[in-house]
Amino acid sequence: MDMKARSYLLQNREALERDIKTSYIMDHMIADEILTLQEEEKVKAQTVQRERAAMLIKIILAKDNYAYISFYNALLHEGYKDLAALLQDGIPIISPHNGKSSMDGVTSYVKTVLCEGGVPQRPVVFVTRSELAKRIQQKLYKLKSNPGWVVVYGMAGCGKSVLTAEALRDHNLLKANHYRYVEDTKCGCPDFAIGVGFLGISRGYMSYGARRKYQKDTDSLQRRPILNGCQWVTTSYRHTSALYFNFSISLLLDCFPGGVHWVSVGKQDKVGLLMKLQNLCLRLDQDFTYSQRPPLNIEEAKDRLHLLMLRKYPRSLLVLDDIWDSWVLKAFDSYFQVLITSRDRSVTDSVMGNKYEVPIESGLTHDKALEILSRFVNMDIMELPENADSIVKECKGSPLVVSLIGALLRDFPNRWEYYLRQLQNKQFKRIRKSSSYDYEALDEAMSISVEMLREDIKDYYRDLSVLQKDVKVPSKVFCTLWDMETEEAEDILQEFVNKSLLFCDRNGKSFHYYLHDLQLDFLTEKNRYQLQDLHKKVVHQYKKHYKQSTPTPSQEDCMYWFNFLAYHMASARMHNELCALMFSLDWIKTKTELLGPAHLIHEYVEYSEILDQKDTTVRENFQEFLSLNGHLLGRQPFPDIVQLGLCQSESSEVYRQAKLQAQQELVKKSFYVEWINKKSMKSMYRLVVRPHTDAVYHACFSQDIQRIASCGADKTLQVFKVESGEKLLEVKAHDDEVLCCAFSADDRFVATCSADKKVKVWNSRTGQLVHLFEEHTEQVNCCQFSNTNHHPFLLATCSNDTFTKLWDLNKKYCRNTLFGHESSVTHCRFSPNDEYIASCSADGTLKLWCVHSANELKTIDIGDFFRNEDEYQDDVEVLVKCCSWSSNGTSIIVAAKNKLFLFDVKTSDLLAEILISHHSNIQYCDFCPNSQMVAVALSHYSVEIWNIESSYKIADCRGHMSWIHSVAFSFDGSLFLTSSDDQTIRIWETSKVCKSFAVILKREIDVVFQSNEVIILAIDNLKRLQMQKNSF
C-alpha cells in the first residue's frame, strides 16, 4: 500500500474504529475479492464492535492499494460518508496496465469509478442473468440518436435495479481498441466528457466523474497513455480524485458520452421530490456555473435540470430507480435519455417521447438459486443439505427471497429447516431484513404495491386470493365473478398488470391472467380469514350465471369451471354442493369429454373425506367406474357413458343414474344393451390407463409407488400418477421403438433403451436428458438401475449385440462390458444387494456375473431342460425370455418358452419347474417382494399368479385385449401392473386378485335367439359349461 494511503488510514484509525460496524463493510470487500472468508472469520471472532473494527483495519493495512479503495467504496455504500471523506485524499493512483482484474474482467478501477459514481455495487452474492442484462442494453442503444425512455419493470424483488446496474457495468462496454492521450483542457476540444458520471443522489456522497472541460486546476492534469482499453487521470479540484475512462467502442461513449447519472427515487411526496431534484442539480453544477442557490420549487428545478443536461451534460443517461408515480416523471420530462425501473408498467403514460419496455418476468433458475445459497453459506452446491432444494422451490425464483434466506442462513447456518418451514407456512414477517434491501421484511415489500392501488379496486385484487398456482384464468371468469362486461373487467385487470401485481398472457384475441406464486402466497396469507367467503362468492356467482346449464366448450371460461369448480366448493366448505356435483353422471360425462378421467379421479381421492361424509359407497362407485373405464373415456370417438354405466353393478349409483337416463332416452328411440350376468362379474384391477398411441412394451413403478413410467412403440417415455393416471411427463425419447424403462433407486432418474441402439437417462421430474450412451451396436432390449440408493448409481443394459454393459452415471463411457453370450441378450437384472447381475439370452443360457469385477460366475444352460423332452428338436432355439430374483437373493426364477424354472443361486440346483401353459408362451415374469408369488404374463392376453413354492396357480387375471409384454410388482408388493399391445396399462391390487373367486367365461361362446329369449352357452375358467337364459 502507498505510504500516503497508509498514512491516511493510520491518522484516522481511531475515528474508524469507534464508528464503523464491520459486517456489511466486509461483505463489500469480499465481493471485491479483497477480503477472504478466513479473514472475515478472524474479524468476527473479536468480542466487541471496536475490537472487530480494529482487526479489520489491521488486516487492510497489511494489504495493497486495492484494499484501500475497496474499503473506501464500502464506507460510501454503507452511508459512512463523513468517514469516507477523511480517507478521500489518500486514494492511491493505480496504473491500469497492472490493475488487478476480477474473474469477470472488470478491473478494480472500473469498480471504483462505478461505485463512486452512484451505480449500486453488485450484491454481496451475485449470479449473472446475462440474457436480461443484454435486453436492457439493446433498448439503451435505441436512445443513441433520439431522446426517450427505457422502462425496466417487474414485481417486487425480481432484480430490476441489479439488472439495470449490471447492464451498465458489463466489462465489454468499457473496451477500447487503440491508444490515446488526454490533451490539456485548454486545447478547445469539443464539448464532451470522457468518463462515467454516476451520481449517487440517494446516498448523499460526492461524485468523482468530474468532466474535463470544467476542471479549473489544469496544471495538475497528468498525462498518461491508455493501456488495456482505459486511461487514468488524476486531478486536484475541491479535494476530488477523478478517474477518467476513454471508450472507443462502448455503449457509454457511443450513446451517452455525457455520462450516466443514477438517482434512487422511491416513493416520494412533492417535498421529497424537490429535495432529490435539488441534490441532483447541485451535483451536476458543482462549480455553480448557472446558479449560486438551489431551486426553490419543482418547476424551477425542472428548468435547471433541463439547462444542465442540455449544456453541461449533452447525450447523458439519467437512471431513475424505483419510480412509483407518473407525476414524478413530469419533473424529468425534458427531452433527454432516461432509464427508469418501476413496478408500474404504465408509469410513463404521462410523458412524451419514445418508450422501450423491458419486462422482468422470469426469476432465477433452480440452479442459479442454489448457487446463490451455496455462496452465502460458503459450501459447494453438492454439499448443500436436502432442505436447500425445497427452499429454492418455495422461493419461486425470486432473487429477493433467495438472497434474504441466504443472508439469514449465513448468520444462522443451522436454520435450514426453520426457514423452510416459515416459507411453507407463509410466515413472511419472520423472513426479516438481513441485507441492504429497502424493506424490513418480505411481506412489507409486497404489501406496499397493493397499498398503492386505487381504493375502488383493492377489493377486486383481494378476490384473486382464490386462484390456483400456475393457472392462467380467462377474463370471462372475472366477468362472471364481478358481474361486469368484458371490457370493464379487463380494464381493472390491466391496472393490476401495469403495477406488476398480475401477469397477462395474450393468446390471440383472448386474455389470460395469472399471479406469481409469491404474490399468491402473500395474498392467501394476508386474507386467510376471508378465504372461505371469497370462495363462496366464486361458487355463488357461477351458479347465478349457469343456473340453467353447464358451460359449453365454445365458451371461453368453460375449461376453468370444469377444472376448478370442485376446488372452490371444497374451499368454501360447501359440502352438499360438492357432493351433488361429484355424484352427477351428467357432470362426469361432460368433464371427461373435455379433460379425460385422470383429473376427476384425482378429485375423488383429494375430496374423499368430504364425499365420504355423504356416502362412502357412492364415492367408491364413481371412482371405480372412472378408474376401470378411463382408457375408454379418454379416447375418441367418446363412448356412450350411459351404456358404460349400465355395465356397472345394479347396486351402483352409477348404474342407477345411467338406467334412469336410458329410460328417458327410449322416447327418442335410443338403443342400450343390458347385461344379464352382472352378478358374477367382479373386476380385479384398480386402474386402467391408455398413455400411449401404440403398443406398450414396458412399465414400472417408482420406488415410492407414486408414479409409473412406461414406454412403447410410439417412441415416447410417459410418466403418470399411480392413483389417477394423470400424465406428469411425456418425452419424445428415441428415434425408434422404446423397449424398456427403469427408475433409479432414488426416483430422480428414468433410463430408457431402444431399437435405435441408444440408452438415455432422463430427469424423472423435468424430462431433461441427463446422459446419452451410444456404445451398443444393435437394439438395446433391457435396462435396469442398481437397487440400493448409493452413489454412484449403476445402470445395466443388454442388447442384440450379445453384450451386457454396466454404466456409471458419473462417467461418460461404459464402465464394464460383459462378454460371454453367443446370441442376443434379452434381459438383465441386478440382485437385491447389487453384488450380482443376471442376464438371459437367445442362446438358451442364464449367466450370473460379479458386479464389482465384471467376471462371469456361472452359466446355467436352460436348453438342457428341454432337450430331455421327447418333443424337443435339436434345431429349435430356446429363447430365455427373462429372469427375476427372489427378495432375499438366494434364488432366481427364469422364463423360457412355456415354463418357469427356479434355481438356487449358490448351487445352481433346480428347485422347481412349472409348466404354465400348453398353448401359449411366457412373455415376462416378476417375483413379488417378500413372497413366493410370481406374476407371469402370457401370450394369450392373460396374467397368472403362481405360488412358486407349491407350484399352485393362485389367480388368473384377464382384461387385456392383446399380447401382454411385461408385468411388474410395486416395491412393497401391494400392486402390480401389466402393459400390453392393446395400448393400455392395468394396475392390479395383489390382495384383491389373490382373494378373488370370480368365475371367468372363456371367449368361445354360442348364442341362440329363440322367440323372446336369448340363450348363451359358454365355458368358464373352471372348465364348466354354463348356460345363461333371459327374456327380452
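**Reading helices and ring pairs**

Student: Which residues of helix α9 are buried?

Tutor: In this predicted model, the buried residues of α9 are L132, A133, I136, Q137 and L140.

Student: What span should helix α9 have, and what distance separates its end C-alpha atoms?

Tutor: Helix α9 comprises twelve residues, 130–141, and at 1.5 Å a residue it should span 16 Å. The end C-alpha atoms are 16 Å apart, which agrees with that expectation.

Student: How many residues of helix α21 are buried?

Tutor: Seven of the eight residues of α21 are buried, and the helix is therefore described as mostly covered. The buried residues are S475, V477, F478, C479, T480, L481 and W482.

Student: What covers the buried residues of α21?

Tutor: The cover includes the helices α20, α22 (486–498), α24 (531–545) and α25 (558–571), together with the strands β6 (473–474) and β8. Just after α21, D483 takes a positive phi of about 55°.

Student: Let us turn to the aromatic rings. How many aromatic pairs does a search of the whole structure find?

Tutor: The search finds 22 aromatic pairs. A pair of aromatic rings is described by the distance of the centres and the angle of the planes. One of the pairs is formed by Y460 and W482: the ring centres are 4.8 Å apart and the planes stand at 55°, so the pair is tilted. This pair links distant parts of the chain, with Y460 in helix α20 (residues 458–463) and W482 in helix α21 (residues 475–482), 22 residues apart.

Student: Are Y460 and W482 buried or partly exposed?

Tutor: Residues under 20% relative accessible area count as buried. Y460 has a relative accessible area of 23% and is partly exposed, whereas W482, at 7%, counts as buried.

Student: What are the distance and angle for the rings of F503 and Y514?

Tutor: The centres lie 5.5 Å apart and the planes are at 20°, so the pair is stacked. F503 lies in strand β7 (residues 503–507) and Y514 in strand β8 (residues 510–514), so the pair ties together parts that are eleven residues apart in sequence. F503 counts as buried at 7% relative accessibility, while Y514 counts as partly exposed at 21%.

Student: Which residues do ring pairs link into a cluster?

Tutor: The cluster consists of Y542, Y546, Y560, W561 and F564.

Student: Where does the charged end of R415 sit?

Tutor: The charged end of R415 sits over the ring of Y418, 5.8 Å from the ring centre. A further case is K899, which lies over the face of F866 at 5.4 Å from the ring centre.

Key:
Residues are numbered from 1 along each chain as its sequence is written. This is a predicted model: local features need pLDDT of at least 70, side-chain atom pairs count only at pLDDT 80 or more; totals for chains, interfaces and linings use all residues. Side-chain values use heavy atoms; hydrogens and water are left out. Rings of Phe, Tyr and Trp (its six-membered ring) pair if their centres lie within 6.5 Å; planes under 30 degrees apart count as stacked, over 60 as edge-to-face and the rest as tilted. Helices (H or I, at least four residues) and strands (E, at least two) are DSSP runs, numbered from the N terminus. Buried means under 20% relative accessible area, exposed over 50%, partly exposed in between (1.4 Å probe, protein chains only). A charge sits over a ring if NZ of Lys or CZ of Arg is within 6 Å of the ring centre and within 35 degrees of the ring normal. The expected span of a helix is 1.5 Å times one less than its number of residues. Contact means heavy atoms within 4.5 Å.
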